[in-house]
Every structure is written in C-alpha cells, then in structure tokens.
Amino acid sequence: MKTEIEIYHASARPSGYGHIEIKVELMHKDEHKEFAAVTDNMPDYDEANRLEGDEKRNALYKLIEHKINDSVDEWIEELN
C-alpha cells in the first residue's frame with residue numbers, strides 16, 4: 001500500500017548478540033503508532049547509526065520495513 005506516512009521517531013537497542021530491536025513511531029492523519037522488529041543486519045545498522053535526524057530515522061525504518069509492512073497496512077486501513 002502506498003500511503004503517506006511520517007516517521008515521527010525511531011530508536012534502536014541491543015536485543016541479543018548480533019541483533020538490534022528497532023522501534024519506529026509512525027504518524028498518519030495526526031495519529032501515532034509504534035511498531036518494532038528485530039534485525040541482524042549489523043552493517044546497515046552501523047551505517048544508519050552514522051546518520052542524523054531524518055536520514056537516520058529513514059535508515060532505521062528501512063531496516064525493518066519489510067517486517068512491519070503488514071501491520072502498518074492494517075493500521076492505515078483502520079484509520080481510513
């Protein structure tokens with residue numbers, strides 16, 4: 001689904017050896033919701049950590065986007 005969402009906040013924390021839990025707070029139509037997933041893609045995570053601001057939030061989101069797509073689509077459907 002191609003809908004305009006804003007990545008309001010993104011954070012990451014260790015989740016076991018070689019794994020990082022990434023949480024993103026998305027905004028759509030003035031509604032916020034948090035989604036989370038774990039990645040083991042350490043090279044891309046390290047690269048995302050070198051970024052700042054919107055670029056960092058976008059990079060962290062991209063790391064888990066494929067894991068949370070269905071949940072995000074369901075949430076957007078509920079809002080529409």
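User: Buried means under 20% relative accessible area, exposed over 50%, and partly exposed in between (1.4 Å probe, protein chains only). With that settled, what share of the 80 residues of the chain counts as buried?

Analyst: Welcome! This is a predicted model, where local features need pLDDT of at least 70, side-chain atom pairs count only at pLDDT 80 or more, and totals for chains, interfaces and linings use all residues. Residues are numbered from 1 along each chain as its sequence is written, and side-chain values use heavy atoms, with hydrogens and water left out. Of the 80 residues of the chain, the buried share is 28%.

User: In what order do the elements of the chain run from the N terminus on?

Analyst: Helices (H or I, at least four residues) and strands (E, at least two) are DSSP runs, numbered from the N terminus. The chain holds two helices and three strands. From the N terminus on, the order is β-β-β-α-α.

User: What is the radius of gyration of the chain?

Analyst: This value is taken over C-alpha atoms, and the globule rule is 2.2 Å times the number of residues to the power 0.38. For 80 residues the rule gives 12 Å, and the chain comes close to that, so it is as compact as a globular protein of that length. The radius of gyration of the chain is 13 Å.

User: Which strands are the edge strands of the sheet?

Analyst: Two strands pair if DSSP finds at least two bridges between them. The open sheet has three strands in the order β1-β2-β3, with antiparallel pairing. An edge strand pairs on one side only, which is the case for β1 (6-14) and β3 (31-39).

User: Which helix packs on the sheet?

Analyst: Let's start with β2 (residues 20-28), which pairs with β3 in the antiparallel sense over nine bridges. The packing helix spans residues 53-79 and touches β1, β2 and β3 (contact means heavy atoms within 4.5 Å). Its direction makes about 130° with that of β3, where axes are lines fitted to C-alpha atoms, for helices over the stretch in contact, and angles run from 0 to 180 degrees between N-to-C directions. The helix is α2.

User: Which residues form the one aromatic pair, and how are their rings arranged?

Analyst: Rings of Phe, Tyr and Trp (its six-membered ring) pair if their centres lie within 6.5 Å; planes under 30 degrees apart count as stacked, over 60 as edge-to-face and the rest as tilted. A search of the whole structure finds one such pair. Phe35 in strand β3 and Trp75 in helix α2 lie 40 residues apart, and both are buried. The ring centres of Phe35 and Trp75 are 5.8 Å apart and the planes stand at 65°, so the pair is edge-to-face.
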